[in-house]
Amino acid sequence: MAYWLFQANPRYSRVLDGLRDLAEMYWLVTRYTREISPGDRVVIWVAGPQAGIYALAQVARPVLFVDQPPDLDYWLLPMRAIGRFYVPVRFIRKVVDRPLLKAELRHHPGLSQLSVLRVPQGTNFRITAQEWQRIQELLGDR
């Protein structure tokens with residue numbers, strides 16, 4: 001099993017609405033198409049002024065090329081979503097109303113080195129099993 005952080009930008013999609021409304025979303029895969037596998041665990045990160053962790057998920061099925069994702073209605077710029085690689089993720093914990101914000105994580109031992117904090121450009125990031133565990137512990141306090 002591998003661990004990932006998948007980022008969404010609210011300038012391009014209504015990701016927070018999708019997190020609230022859906023049990024599963026198709027997540028854009030811009031790299032690691034051969035490494036991401038069913039059963040892998042995923043941290044859902046939302047970029048922007050309130051950047052942070054908004055959910056935990058599990059990869060539901062293999063990465064696939066999709067002409068049009070089933071949740072296209074949640075994209076603000078649908079043309080950016082057409083004809084891309086996606087992986088369906090099933091949410092296992094949502095913390096949309098009390099996310100772990102970047103401001104908290106930036107100074108947190110064990111999480112301050114998350115790739116998304118150091119180099120925030122991108123969609124798919126690797127994280128370690130230890131980082132996954134620490135995030136789960138922090139979310140357990142909420």
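## Arg126 and Glu35

The side chains of Arg126 and Glu35 form a salt bridge, with an N to O distance of 3.8 Å. Arg126 belongs to strand 8 (residues 124-127), while Glu35 sits in the loop between strand 2 and strand 3 (41-46), so this contact ties together parts of the chain that are 91 residues apart in sequence. The model is a predicted one.

Arg126 counts as partly exposed, at 42% relative accessibility. Glu35 is also partly exposed, its relative accessible area being 39%.

The structure has 6 salt bridges in total. One of these joins Glu24 to Arg90, where the closest N and O atoms are 3.6 Å apart. Glu24 is a residue of strand 2 and Arg90 a residue of strand 6, so the bridge connects parts that lie 66 residues apart in sequence.

Glu24 has a relative accessibility of 24% and therefore counts as partly exposed. Arg90, at 39% relative accessibility, is partly exposed as well.

## The Tyr26 and Tyr86 pair

The model contains 5 aromatic pairs. One of them is made by Tyr26 and Tyr86, whose rings are 6.4 Å apart, centre to centre. The planes of these two rings stand at 55 degrees to each other, and the pair is classed as tilted.

Tyr26 and Tyr86 are both buried, whereas Glu24 is partly exposed and Arg90 is partly exposed.

## Arginines over aromatic rings

Two contacts place an arginine over an aromatic ring. Arg80 lies over the face of Tyr12, at a distance of 3.8 Å from the ring centre. In the other contact, the charged end of Arg31 sits over the ring of Phe125, 5.4 Å from the centre of that ring.

## Helix 4

Helix 4 covers residues 129-140, which makes 12 residues. From its first C-alpha to its last, the helix reaches 16 Å, close to the 16 Å expected at 1.5 Å a residue.

Which residues of helix 4 are buried? They are Glu131, Trp132, Ile135, Leu138 and Leu139. Viewed down the axis of helix 4, these buried residues fall within an arc of 125 degrees, so they line one face of the helix. Gln130 and Gly140, on the other side of helix 4, are exposed.

Arg134 pairs with Glu137, and their closest N and O atoms are 2.6 Å apart. Both residues lie in helix 4 and are separated by 3 residues, about one turn of the helix. Arg134 is partly exposed, with a relative accessible area of 28%. For Glu137 the relative accessible area is 37%, and this residue is likewise partly exposed.

How values were computed
Residues are numbered from 1 along each chain as its sequence is written. This is a predicted model: local features need pLDDT of at least 70, side-chain atom pairs count only at pLDDT 80 or more; totals for chains, interfaces and linings use all residues. Side-chain values use heavy atoms; hydrogens and water are left out. Rings of Phe, Tyr and Trp (its six-membered ring) pair if their centres lie within 6.5 Å; planes under 30 degrees apart count as stacked, over 60 as edge-to-face and the rest as tilted. Buried means under 20% relative accessible area, exposed over 50%, partly exposed in between (1.4 Å probe, protein chains only). A charge sits over a ring if NZ of Lys or CZ of Arg is within 6 Å of the ring centre and within 35 degrees of the ring normal. Helices (H or I, at least four residues) and strands (E, at least two) are DSSP runs, numbered from the N terminus. The expected span of a helix is 1.5 Å times one less than its number of residues. The arc is that of the directions from the helix axis to the C-beta atoms. A salt bridge is a side-chain nitrogen of Lys or Arg within 4 Å of a carboxyl oxygen of Asp or Glu.
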